[in-house]
Amino acid sequence: MDNNVSDDSLEALIQNCENEALHLTGHIQPIGYMLVAEAETLTIVAVSQNIASLLDMSVDSLLGSSLSMLPGLPDRVLFTVGVAPGSRQHEWYRTMHGQQVHIRSIRSASHLVIEIEPVRSEQPAVVDLASQIVLQPEEGEPWQDDDYWQRLLNGLLDTLPFERAVLYRFAEDFSGEVVAEAALDGSQKYFGLKFPASDIPEIARKMYFENPSRLIADVNGSPVPLVSHEDEPADLSWSDLRSVSPVHIRYLNNMGVVTSYSIPLIIAGRLWGLVSFHHSEALLPDARDRYDAEQLVKRFCGIYATFLSKRKLSMLRLFDDRMAGILSQMTLFDDAAAANRFFLNELMMWFDASATALVVNDTWYLSEHAGPMLNDIQKIDSVYRRDVSDFLLTTQNIAGLPELTTVTKPACRGMLTIRVNYERHSPRLYVFRPPESQVTHWAGKPEKVIDTERGALSPRNSFAKWEQVKGNESLPWLSSDTLFAKKIRVGMVQLVNNAFEGWGVSRE
């Protein structure tokens with residue numbers, strides 16, 4: 001291993017990870033069988049090399065024949081699967097050549113992929129297992145986020161025989177944090193730890209978004225090649241059996257995980273997080289059991305999305321009431337300066353800020369304690385009044401901008417700014433926060449380990465808790481902060497439109 005690599009070389013290696021053709025591996029995991037056929041004609045164009053052990057037919061005799069001619073393959077998986085890429089159809093507990101199997105068909109862009117797995121558990125007594133697990137509180141019972149998360153993990157561990165399950169939530173930058181954990185032995189190994197965004201690169205996140213789950217059955221298993229007469233390997237973007245990237249195998253080896261299974265949490269149309277299962281020995285969860293787990297997660301996502309929507313609506317009502325109260329009280333003051341100081345002091349307390357400042361028609365109004373900061377505030381304004389990328393902008397470290405390295409007052413470190421519009425004299429509001437010590441616990445030191453022999457990035461060797469302390473940034477601006485900021489802007493627009501005590505914007 002060698003970490004003495006230039007920044008340009010490192011960026012190239014990171015881009016290579018992002019560009020890895022995970023969907024064109026040309027291999028499957030050795031836990032099942034695959035046939036790939038042209039979508040229109042059903043002519044078989046690729047088969048897994050192990051197919052003869054199931055069908056008692058040679059690879060050569062299968063290539064070029066029709067899926068519809070295979071004995072034991074039900075019409076349902078051939079003719080009722082949807083036409084959109086990623087569409088699926090299942091047949092559970094079928095018999096093919098004397099062996100009980102599960103069959104699923106998956107539509108790709110131009111092919112129909114048939115995946116066959118041996119049955120590995122008894123047929124469940126309850127048809128819809130997901131509906132039997134309680135994922136929401138009784139009427140009037142006060143559940144919070146962690147109540148929902150923990151109930152989901154406990155239900156999933158009752159469904160699947162893994163040693164550990166973690167709920168992993170993505171941040172806006174796609175780093176992640178384990179916000180809930182459940183284990184058969186009751187221990188907590190990853191709870192509260194964060195993982196860098198590079199642990200799940202963009203191409204992998206895209207595939208998580210498009211697939212109901214991802215199983216790595218055995219990191220020590222030998223992948224089975226797909227045999228094909230076509231020049232290009234089959235597109236396995238939506239395949240459950242798709243083989244595993246060597247980098248991911250090394251990653252799991254370093255974690256001490258032999259079998260891994262992940263189900264994406266899609267909430268409000270975005271990849272919100274993952275439920276990930278770990279086992280320290282090879283484990284073959286039954287395909288039907290995995291399907292039941294997928295349905296349980298889908299049901300959870302609907303329930304949890306409703307909880308989040310109700311909470312957001314309640315928060316919006318609170319913000320509306322708060323802004324209405326502030327604007328009403330501003331009308332009680334005799335002059336604009338006093339009204340604006342009241343406005344700024346109220347917002348300073350609401351945001352737990354070090355200072356707030358407002359400029360209207362080139363006149364500055366300051367909150368308590370902001371007077372000595374005016375010179376730095378005006379430097380900041382000279383930069384941000386030219387930024388027309390959004391009406392609302394935030395930063396945790398104003399001095400990190402090249403144009404503002406001379407800003408010296410610590411109280412100006414973090415900033416939220418709100419502007420009414422992009423006109424030169426548009427009122428602009430600034431909210432400041434001081435730097436504060438912040439401790440982040442990572443699952444291993446999130447550094448790039450470079451294997452120069454392979455010319456690729458390598459996963460870190462340790463996932464033990466690593467503490468990172470920062471003291472040069474303000475506390476982060478939360479989604480609730482930006483939500484209230486949007487309500488503040490609405491109130492500022494009202495003040496401008498009503499030309500409240502000098503808020504009418506000059507056009508000169």
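I began with Leu 42, which sits in the loop between β2 (33–38) and β3 (44–48). I took helices (H or I, at least four residues) and strands (E, at least two) as DSSP runs, numbered from the N terminus. The model is predicted: local features need pLDDT of at least 70, side-chain atom pairs count only at pLDDT 80 or more, and totals for chains, interfaces and linings use all residues. Residues are numbered from 1 along each chain as its sequence is written, and side-chain values use heavy atoms, with hydrogens and water left out.

**Positive phi**

Leu 42 is not a glycine, yet I read a positive phi of about 65°. Is Leu 42 buried or exposed? Leu 42 is buried, because its relative accessible area is 8%. My cut-offs: buried means under 20% relative accessible area, exposed over 50%, partly exposed in between (1.4 Å probe, protein chains only).

I then turned to Asp 352. Its phi is near 50°, again positive in a residue other than glycine. Asp 352 lies in the loop between α9 (336–350) and β14 (355–360). At 61% relative accessibility, I noted Asp 352 as exposed.

**Whole chain**

I noted 11 helices and 22 strands. The C-alpha atoms fill a box of roughly 90 × 60 × 50 Å along the principal axes. The chain has 508 residues, and 49% of them count as buried.

**Salt bridges**

How many salt bridges does the structure hold? I noted 20 (a side-chain nitrogen of Lys or Arg within 4 Å of a carboxyl oxygen of Asp or Glu).

I looked up Asp 240 next. It forms a salt bridge with Arg 104, and the closest N and O atoms are 3.3 Å apart. This pair links distant parts of the chain, 136 residues apart: Asp 240 is in the loop between β11 (224–228) and α7 (246–255), and Arg 104 is in strand β5 (residues 99–107). Asp 240 counts as buried at 8% relative accessibility. Arg 104 is buried too, at 3%.

Arg 214 lies in strand β10 (residues 214–216). It is buried, with 10% relative accessibility.

Asp 381 and Arg 385 meet through their side chains in a salt bridge (3.7 Å, N to O). Asp 381 is buried at 3%, whereas Arg 385 is partly exposed at 42%.

Arg 433 and Asp 481 make another salt bridge, at 3.5 Å from N to O. Here too the pair links distant parts of the chain, 48 residues apart: Arg 433 in strand β18 (residues 428–433), Asp 481 in helix α11 (residues 479–497). I noted Arg 433 and Asp 481 as buried.

**Thr 417**

What does the side chain of Thr 417 reach? It reaches the backbone oxygen of Leu 429 at 3.2 Å. Thr 417 is found in strand β17 (residues 414–419). It is buried, with a relative accessible area of 7%.

**Surface charge**

Last, I looked at the surface. Glu 138, Glu 139, Glu 141, Asp 146 and Asp 147 gather in a patch of negative charge. Patch members have over 30% relative accessible area and no salt bridge; like charges are joined within 9 Å, nonpolar side chains (Val, Leu, Ile, Met, Phe, Trp, Tyr) within 5 Å. Glu 138 is placed in the loop between β6 (111–118) and α5 (145–159). Its relative accessible area is 58%, so I noted Glu 138 as exposed.

Note on methods. Areas by Shrake-Rupley, 256 points an atom, 1.4 Å probe, with all protein chains shown as cover. Lys, Arg positive; Asp, Glu negative; His and termini not counted. Charge placed at Lys NZ, Arg CZ, Asp CG, Glu CD. Polar contact = N/O pair within 3.5 Å; in protein donor to acceptor, adjacent residues only side chain to side chain.
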